[in-house]
Amino acid sequence: SRTIDGVPQGGDVSVVVAARGKTLYEHAGGERRTPASVQKVLLSMALFDEFSPSHRIKTRALSAKTSGRVGNLWIAGGGDPSMVSGWGDSTHTGVRRLANRIQRAGIKRVGGAVVIDSSSFANDWNAPGWQPWSRDFANRPTALAIDGNGMPNPALALGAALTDALESRGIQVDGRARSGRVPARARVVTRVRSAPLRTLVTHMNVTSSNFYAEMLGKLLGARTFEGPGTMSKGARAIEQFAARRGVDLIAHDSSGLSYANRVSAGGLVTLLEHARRQPWGRALRLSLPSPGQGTLAARLEGLGLHAKTGTLWNGASALAGWVRLRHGGTAEFAILSRNSSKSTEDAIVQRIAAEMKAPEDRADAPPKVDTRCHLSHR
């Protein structure tokens, strides 16, 4: 029988390929392995299922008065990871744009201070399975973020940036920016909204942004469970989404930095098949990089592919998504390996594309599972 999987001597790999609900190939598909950054695909599914790809994250400005001279001006964050200190663009929310909205709302002077309320997210910044260096790859996820949170206190940095932006527009701010809770009496002065969730998720998946993933994971956790968003709640929401589709996985974070996350290649393909049938399936597929983009910049040139990569320092490696088949149709696939190379994964995908056929285009049955490794390392 035909075989497509294989690893170098001593390697360890799981492969599952399916098309139109039919398994075309499987090797060790039920073994749960570390997904690394393919965890972001699971997060993306749960996000789109909960919010829809068109959802926009709101950042609100509030005060006891809505025009003229006000006391404190509170800024309440909803978890937008794209806020920047400048003007922003089609993919980033700008603090200066928020200042313009406040000015247009009629605010003339802030007699108190710009007060930052990040309470919709907890301040946690760790997960089971994270290593001592994991924080070097994901800044602290806070409900109000600015410039990727590459500073000790993002909330005060945002407050200071907004204070400067207001004063540059002739709006005097008497006090220094600080943190605090929005009081019950406060009313919305204005708001800004992020780019659509599909845009944020695309940035996350193409660049493999761990910061965006943990921000959006907390957003998902806050929506799914009571209380402020936490990394743990985001992971539990991913588990819950998968369990409803019959897939048992272990999630400790949303980014895939945790060495303790576990999912099987078969489980990933089951969820990819589910996603294909959803109204948000196309948005998910297009959020994943193609050859020449992001983490696939130098890989799999010439293939019709949308897939997410994943790598950890312990040798865990992953690749999962959709590939166009040369003989017709598109297949969902997942490759989870350890101590294998990217070139091995690429060779497997190339053989999937070259040799597999979608069920309705085939006269023969899908190949039987062959646990031998016949694909040479190249």
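This is a predicted model: local features need pLDDT of at least 70, side-chain atom pairs count only at pLDDT 80 or more; totals for chains, interfaces and linings use all residues.
Residues are numbered from 1 along each chain as its sequence is written, and side-chain values use heavy atoms, with hydrogens and water left out. Helices (H or I, at least four residues) and strands (E, at least two) are DSSP runs, numbered from the N terminus.

- Two packed helices are described by the angle between their axes and the distance between the axes. Axes are lines fitted to C-alpha atoms, for helices over the stretch in contact, and angles run from 0 to 180 degrees between N-to-C directions.
- Let's start with helix H1 (residues 39-51) and helix H5 (residues 210-224), whose axes come within 10 Å and cross at roughly 40°. That makes H1 and H5 oblique to each other; angles under 35 degrees count as roughly parallel, over 145 as roughly antiparallel, 65 to 115 as roughly perpendicular and the rest as oblique.
- The H1 and H5 crossing is left-handed, a word used if the near helix is turned anticlockwise from the far one by less than a right angle (clockwise would be right-handed).
- On the H1 side, the contact (heavy atoms within 4.5 Å) includes Leu-43, Ala-46 and Leu-47, while the H5 side includes Ala-213, Leu-216 and Leu-220.
- Sorted by class, the H1 and H5 contact has eight nonpolar, two polar and three charged residues. Here Ala, Val, Leu, Ile, Met, Phe, Trp, Tyr, Cys and Pro count as nonpolar, Asp, Glu, Lys and Arg as charged, and the others, Gly among them, as polar.
- H1 also packs on helix H6 (residues 231-244), at an angle of about 75° and with the axes 9 Å apart, so H1 and H6 are roughly perpendicular to each other.
- Gln-39, Leu-42, Leu-43, Met-45, Ala-46 and Asp-49 of H1 make that contact with Ile-238, Phe-241 and Arg-244 of H6. By class, the H1 and H6 contact has six nonpolar, one polar and two charged residues.
- To finish the trio, the axes of H5 and H6 come within 7 Å and cross at roughly 75°, so these two helices are roughly perpendicular as well.
- Among the residues that meet there are Gly-217, Leu-220 and Gly-221 in H5 and Gly-234, Ala-237 and Ile-238 in H6. This contact of H5 with H6 divides into four nonpolar, five polar and three charged residues.

**The five-stranded sheet**

- Strands of a sheet pair through backbone hydrogen bonds, either parallel or antiparallel. Two strands count as paired if DSSP finds at least two bridges between them.
- This open sheet has five strands in the order S2-S1-S15-S14-S13, and the pairing is antiparallel.
- Strand S2 (22-27) and strand S13 (305-311) stand at the edges with a single partner strand each, so one side of each has no neighbour in the sheet. On average, neighbouring strands here are turned by 5° against each other, direction ignored.
- Seven bridges join strand S1 (residues 12-19) to strand S15 (residues 330-338), and Asp-12 stands opposite Arg-338 in S15.
- Helix H7 (residues 265-276) lies across S1, S2, strand S14 (316-324) and S15, running at about 155° to S15.

**The three-stranded sheet**

- The other open sheet has the order S5-S7-S9 with parallel pairing, and its edge strands are S5 and strand S9 (172-173).
- S5 and S7 pair over three bridges, with Gly-68 opposite Ile-107 in S7.
- Two bridges join strand S7 (residues 107-110) to S9. Arg-109 stands opposite Gln-172, and Val-110 has Val-173 as its bridge partner.

**Asn-72 in its loop**

- You'll find Asn-72 in the loop between strand S5 (68-70) and strand S6 (73-76).
- A polar atom of the Asn-72 side chain lies 2.9 Å from the backbone nitrogen of Ala-113.
- Leaving out residues up to four places away in sequence, Asn-72 touches several others, including Leu-62, Ser-63, Val-110 and Arg-178.

Definitions and conventions. A polar contact is a pair of N or O atoms within 3.5 Å; within protein, one must be able to donate a hydrogen and the other to accept it, and residues adjacent in sequence count only if both atoms are side-chain atoms.
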